[in-house]
Amino acid sequence: MQGQTALNCGVELFKQGILQKHGVRVMAIGPTFEESLQRALRMIHPSFKGFAPEMPVGKATPKNLEAAMEVPSSNRIYAIAKALEDGYSVDQIHQLTSIDKWFLHKLQYIMGLMKDMKSFTW
């Protein structure tokens, strides 16, 4: 899946209920899936930080993380980010969401980069 275009990745994520927000559709092009996803998420609204465990401005963090991941919604991507931050494995999230593990490994990689960046002192 290395050569897959960002548009195809976006279409697949939309089908899986990850990039749905009340009929709003986004498209982002970048050299990697990770960059394309971050761009697409940030284009939805200025308050969105991209793939991050924090909910967008004005939304509360779901109390039941597993229930938030099971049902496709506009908040599902943030529930997945929070689950990865809390230590859920790709296999556990796959069981709850049925999202292809390729995508989940890419999301896990983004969270790993965020964790590494937070450890640096400037």
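This report describes the fold, core, aromatic pairs and selected residues of a predicted model.

## Overall fold

The protein chain contains six helices and zero strands. In sequence order the pattern is α-α-α-α-α-α. Of its 122 residues, 39% count as buried. The chain exposes about 7,300 Å², and carbon and sulfur atoms supply 55% of that area.

Contacts between residues at least 6 apart in sequence include a share of 48% that join residues at least 24 apart.

## Nonpolar core

The largest nonpolar core has 28 residues, and those touching the most other members are Phe51, Met69, Ile80, Leu84, Ile93, Leu104 and Leu107. Two or more residues come from each of helix H2 (33-44), helix H3 (65-70), helix H4 (76-85), helix H5 (90-97) and helix H6 (101-119). H4 gives the largest share, seven residues. In soluble globular proteins, nonpolar side chains tend to be buried together.

Leu107 illustrates how the core is joined across the sequence. Apart from neighbours within four places, Leu107 is in contact with Leu37, Phe51, Ile77, Ile80 and Leu84. Of these partners, Phe51, Ile80 and Leu84 are also listed among the core residues that touch the most other members.

## Helix H2

H2 has twelve residues, which at 1.5 Å a residue should span 16 Å. The C-alpha atoms at its ends are 17 Å apart, in agreement with that value. The buried residues in H2 are Phe33, Glu34, Ser36, Leu37, Gln38, Ala40, Leu41 and Ile44. An α-helix has 3.6 residues a turn, so residues three or four places apart point the same way.

Gln38 is a polar-named entry in this list of buried H2 residues. Gln38 lies in helix H2 and counts as buried because its relative accessibility is 16%, below the 20% limit. Leaving out residues up to four places away in sequence, Gln38 touches Gly50, Phe51 and Ile110.

## Aromatic pairs

The structure holds three aromatic pairs. One of them joins Trp102 and Phe103, with ring centres 5.1 Å apart and planes at 90°, so the pair is edge-to-face, for which the angle must be over 60 degrees. Phe33, Trp102 and Phe103 form one aromatic cluster.

## Two loop residues

Ala52 is placed in the loop between H2 and H3. Its relative accessible area is 5%, and Ala52 is therefore buried. Not counting residues up to four places away in sequence, Ala52 touches Tyr78, Ala81 and Met114.

Ser98 is found in the loop between H5 and H6. With a relative accessible area of 58%, Ser98 is exposed. Ser98 has a positive phi of about 65° and is not a glycine. Most residues other than glycine have a negative phi.

Note on methods
Residues are numbered from 1 along each chain as its sequence is written. This is a predicted model: local features need pLDDT of at least 70, side-chain atom pairs count only at pLDDT 80 or more; totals for chains, interfaces and linings use all residues. Side-chain values use heavy atoms; hydrogens and water are left out. Rings of Phe, Tyr and Trp (its six-membered ring) pair if their centres lie within 6.5 Å; planes under 30 degrees apart count as stacked, over 60 as edge-to-face and the rest as tilted. A nonpolar core is a set of buried Ala, Val, Leu, Ile, Met, Phe, Trp, Tyr and Cys residues joined through side-chain atoms within 4.5 Å. Buried means under 20% relative accessible area, exposed over 50%, partly exposed in between (1.4 Å probe, protein chains only). Helices (H or I, at least four residues) and strands (E, at least two) are DSSP runs, numbered from the N terminus. Contact means heavy atoms within 4.5 Å. Accessible areas come from the Shrake-Rupley method with a 1.4 Å probe; for residues, only the protein chains shown count as cover. The expected span of a helix is 1.5 Å times one less than its number of residues.
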